[in-house]
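Please read this briefing with the sequence and the model side by side. It starts with charged pairs and then turns to a helix and the overall fold.

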Amino acid sequence: MLLEFDEQEGLIRDRSLLDPNYIVAEDRIVGRDEQLQEVTKMLRVALGDNRPPNLFLYGPSGTGKSLITKAVCKNISRICDSRDIQFGTIEVNCQDLDTLGVAVYELAQQAANEAGVAVEVPKHGVATKEKWDELYRIVNENFDSVVFVLDELDMLVGRRDKQEPAFSRLLYQLSRAGAADDLTAYLSVVAISNDTKMMESVGSRALSSFTPEDVHFDDYDANQLQSILRRRQDAFHDGVVADDVIPLAAAFAAQTHGDARKAIDLMRVAGELAEREGDDRVREEHVRQAQDKVEKNRVLEVVRGISTQKKLCLYATAAVAAETKDGTARSTTGYRVYQYLTDSIDADQYQQESYVNKMKELTTYSLVDFERRSHGPSSGMFLEFQFGERPETILDTLREDSRLKMVSDDEVTSVVRAQLRNET
């Protein structure tokens, strides 16, 4: 059977082009001319064997921040090689790094990988200072100039008992390393975040030494997303992508904050579904199937790792949004449904402020966003939550939790509708 499948000619010719993290050539980067020019202009200083400035790239997920940084650094590295300048790009994604010590070790590991050498300190059981010293040693011995790319930096919060978040302490240490003579190589830090207000949480010492150049990335619109997909259409064999596939995939992605990663993922999954079904073309129905699959996979990945309390808050809010015409949910109404859920499964019940804070924390996963609203003097102020995915998809995924299975869907819907009638 394996050989039989192997002999079949698939629809996808180059799968790397359907990987959102694949570093594409600059002519495939669409709708980001200004940002591409800014990042290139500032990082190209490394070509003259000088220190580039620090950068802060911010904007919604999937808007090209990491893509452009990687593309520019790749070009700089190629030119530096021809000029006998040892240039390195040391990139880490901070989403899964829970402490400063772990982050420093990961930087040392990535620097060692880039240089083709080994890290000489263990990951655990040594002080963070030893990890810093090892990172400096690797960089000093192997590079003339390095760019540290810290993706999703706002996720590196660290221990709660510290006065400032771990990402602030990391920025301070890196940006001070050159001035303190710990590093002889030129060093630049590119901080990347979906949180436009991240710099407000950076301590004053770190802020004064980091002093980045800001580059803002806004959402892609549907036309830009179509252009991005058309520049990757050669990932498929000629003539196998139906005409309505790219406009539909772009429209779906445009609905969720203009996320190019989602648009590319939809094309990939649609192509794989068509191949699996033995179809000779990728069609509209494959994109619709892919949309359901991608949404569910993404939501499942997020909700698997969150606490029961966050699940209850998210479930209550999504249940309200699913019953409103515009798909939004007031925090006041969501909290009353949350109270019903906690009573139903005999879980701890938090105050409304804690419920709101947990919903705010969930915005970092790009599942939900919020705005402060007031519907007149009688209603007071409240937060209005909007979902990046269909609320029904979030509810379906959360119902896989054994504790939430105990609650009747019909009863939750009845409670939600009663609360919505009471809104003023």
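Arg 417 is partly exposed because its relative accessibility is 44%, between the 20% and 50% cut-offs. Arg 417 forms a salt bridge with Glu 323, and their closest N and O atoms are 3.0 Å apart. Arg 417 belongs to helix α16 (residues 409-422) and Glu 323 to the loop between α12 (308-321) and β6 (328-330), so the bridge ties together parts 94 residues apart in sequence. Glu 323 is partly exposed too, with a relative accessible area of 31%. The model is predicted.

**Other salt bridges**

- The count of salt bridges comes to 21.
- One of them joins Asp 218 and Arg 32, whose closest N and O atoms are 3.5 Å apart.
- That pair links distant parts of the chain, 186 residues apart: Asp 218 sits in the loop between β5 (213-216) and α8, and Arg 32 in the loop between α1 (2-7) and α2 (33-43).
- Asp 218 is partly exposed at 40% relative accessibility, while Arg 32 is buried at 2%.
- Arg 399 forms a salt bridge with Asp 396, with 3.0 Å between the closest N and O atoms.
- Arg 399 counts as partly exposed at 24% relative accessibility, and Asp 396 is partly exposed with a relative accessible area of 40%.
- A network of salt bridges links Arg 15, Asp 265, Arg 268, Glu 272 and Glu 275.

**Charge overall**

- There are 52 positive and 74 negative side chains in the protein, and the centres of these two sets lie 3 Å apart.

**Helix α9**

- Which residues of helix α9 (residues 245-255) are buried? They are Val 245, Ile 246, Leu 248, Ala 249, Ala 250, Phe 252 and Ala 253.
- These buried residues pack against three helices: α8 (222-230), α10 (260-276) and α11 (284-304).
- In general, an α-helix has 3.6 residues a turn, so residues three or four places apart point the same way.

**Overall fold**

- The protein contains 16 helices and eight strands.
- Its radius of gyration is 24 Å, close to the 22 Å that the globule rule gives for 424 residues, so the protein is as compact as a globular protein of that length.
- Along the principal axes, the C-alpha atoms fill a box of roughly 70 × 60 × 45 Å.
- Of the 424 residues, 49% are buried.
- Among contacts with a separation of 6 or more, 72% are between residues 24 or more positions apart.
- The protein exposes about 20700 Å², and carbon and sulfur atoms supply 42% of that area.

How values were computed:
Residues are numbered from 1 along each chain as its sequence is written. This is a predicted model: local features need pLDDT of at least 70, side-chain atom pairs count only at pLDDT 80 or more; totals for chains, interfaces and linings use all residues. Side-chain values use heavy atoms; hydrogens and water are left out. Helices (H or I, at least four residues) and strands (E, at least two) are DSSP runs, numbered from the N terminus. The radius of gyration is taken over C-alpha atoms; the globule rule is 2.2 Å times the number of residues to the power 0.38. Buried means under 20% relative accessible area, exposed over 50%, partly exposed in between (1.4 Å probe, protein chains only). Contact means heavy atoms within 4.5 Å. Accessible areas come from the Shrake-Rupley method with a 1.4 Å probe; for residues, only the protein chains shown count as cover. Lys and Arg count as positive and Asp and Glu as negative; His and the chain ends are not counted. The place of a charge is taken as NZ of Lys, CZ of Arg, CG of Asp or CD of Glu. A salt bridge is a side-chain nitrogen of Lys or Arg within 4 Å of a carboxyl oxygen of Asp or Glu.
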